[in-house]
Amino acid sequence: AGGQTGYVLAGYLSPLISAEAPDDALFMYVVCDEFLSLRSAPDTGAQRIAKLTAGTRVRVISFADAFAQVETDSGQTGYVLFAYLSETPTPTETSLSPKAGTYRVVCEKFLTLRSGPSARADELARLKNGTQAELLGFEGRFAKISVDGLIGYVVAGHLQGPAAGLDIVRERENYTYEQMMTDLDKLVMKHDHLTLEVIGQSVEGRDIPVVRIGSKNARYHILVQGGIHAREHMTSLLLTAQIEYSIGDTAYAGISSKQLLDDVCLHVLPMTNPDGVTISQNAQPTDALTAIYEADLEAGLTALPIEEYLQRWKANAVGVDLNRNFDADWALIGSPENPSATNHKGAAPVDQPETRALVAYTKRWQFDATLSYHAFGSIIYWEYGNDAKINALSKDLGFALRACTQYPLPGGTGLDAGGYKDWAMLQGIPSVTIEIGTRACPLSLEEFSNVWARNKNALLAAARWVKR
């Protein structure tokens, strides 16, 4: 820079936008699943000149919005989405997941230690309940551990590690709406750069809170929401804990949280569906819930006893699956005809107070990204619709989150539409869904320690991404 040579944090560097590339040739590589379209203009609707396969080297000529003008080694010139280019033939995000710590095996009989991160990998040993293991890292649903010098992989949900160690938010099997509201009030009272706002009420009149971290005048804004599916209420505990952790004296990728959050405003909705969460946690039949249960029994949609049926409840208080209620191919979604514990999409898009509140709040702000937390699967979904630019940016956001969570990024083929992520992407907002956990919901508290280890830095990783 100006003739001086030295070192800076790479996270604060970005290619020059709408500027000519430097005189010394800038070579990059295509990173994609199948192929990347080389187009005649910086527009996803422009004519396709060629298909560039993964690993293809290109010379960058200039930048235009989300596109780069490039020249291939064969002399073809055109435009590609910049998010699918990397300085190396593979994605350049560094693995930043936790690499150390002592965990304890939690299981009924034994936990299988395997040679690779797959249920089909060779069995190395059978670990008894209570066995001590050293965590080496994560890969998808699996954790890499060392036990008495033997290194292998186990399902991460059967490892229990250190508690989060926060001052206000404490791990609980059933993190209730009332406890969350108490914790949010305490956090806002303690930290003057937190703002608590009620954005609407649920069917049963519970306030739906959002906590803003940072100034409303910040350059970058990110929305993070969880607890939209009732039985996935561990996401509400996680998001509330993330608020406390992210404003503490911590760092990610060598950058302090204070620096990462400078000029970034995080909007966190820990529990979008408070009525449903309460139903799942209490499992107390009411006349209305019993009527829905009996209708599901008659329709063959459940064979569970009513208490277990209510524990596995996903919907809101009137039996609408809120994450099928958004206006994103809503008419094409298959759905039970009547209200149900799961999958009923409602009578019309956004006909529920909870989805109306979230849509209205999203339209108030120009969000640079959204994160939706769900359970379970230990995976990140990024794809929806036909907007190649938004899909590319969402995938790039997914790569940034994969760096700390070590969750894989499959495509979106076969997923139901109608979700908040899907609707947000149709509004032109890069968005992902993060699925935590490895076992059926409601997740056991035993899972939280590994979920926390993988996701505690996610808000900071997202802030790092939007500033890049």
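Two rings of Phe, Tyr or Trp (the six-membered ring, for Trp) pair if their centres lie within 6.5 Å. I'm working on a predicted model here.

**Aromatic pairs.** I ran that rule over the structure and got 9 aromatic pairs. Y309 comes out at 4% relative accessibility, so it goes down as buried. W313 sits at 0%, so it is buried as well.

Next I looked at Y361 and W365. Their centres are 6.2 Å apart and the planes make 50°, so this one is tilted. I checked burial again, and Y361 and W365 are both buried.

I also noted an aromatic cluster made up of Y245, F448 and W452.

**Charges over rings.** R57 has its charged end over the ring of F27, at 4.1 Å from the ring centre. K345 puts its charged end over the ring of W330, and there the distance to the centre is 4.2 Å.

**G130.** Where does G130 lie? I found it in the loop between strand 10 (123-128) and strand 11 (132-139). Skipping neighbours within four places in sequence, I get contacts from G130 to R104 and V105. I also took the C-alpha separation of G130 and L159, which is 9.4 Å for two residues 29 apart along the chain.

Methods. Residues are numbered from 1 along each chain as its sequence is written. This is a predicted model: local features need pLDDT of at least 70, side-chain atom pairs count only at pLDDT 80 or more; totals for chains, interfaces and linings use all residues. Side-chain values use heavy atoms; hydrogens and water are left out. Rings of Phe, Tyr and Trp (its six-membered ring) pair if their centres lie within 6.5 Å; planes under 30 degrees apart count as stacked, over 60 as edge-to-face and the rest as tilted. Buried means under 20% relative accessible area, exposed over 50%, partly exposed in between (1.4 Å probe, protein chains only). A charge sits over a ring if NZ of Lys or CZ of Arg is within 6 Å of the ring centre and within 35 degrees of the ring normal. Helices (H or I, at least four residues) and strands (E, at least two) are DSSP runs, numbered from the N terminus. Contact means heavy atoms within 4.5 Å.
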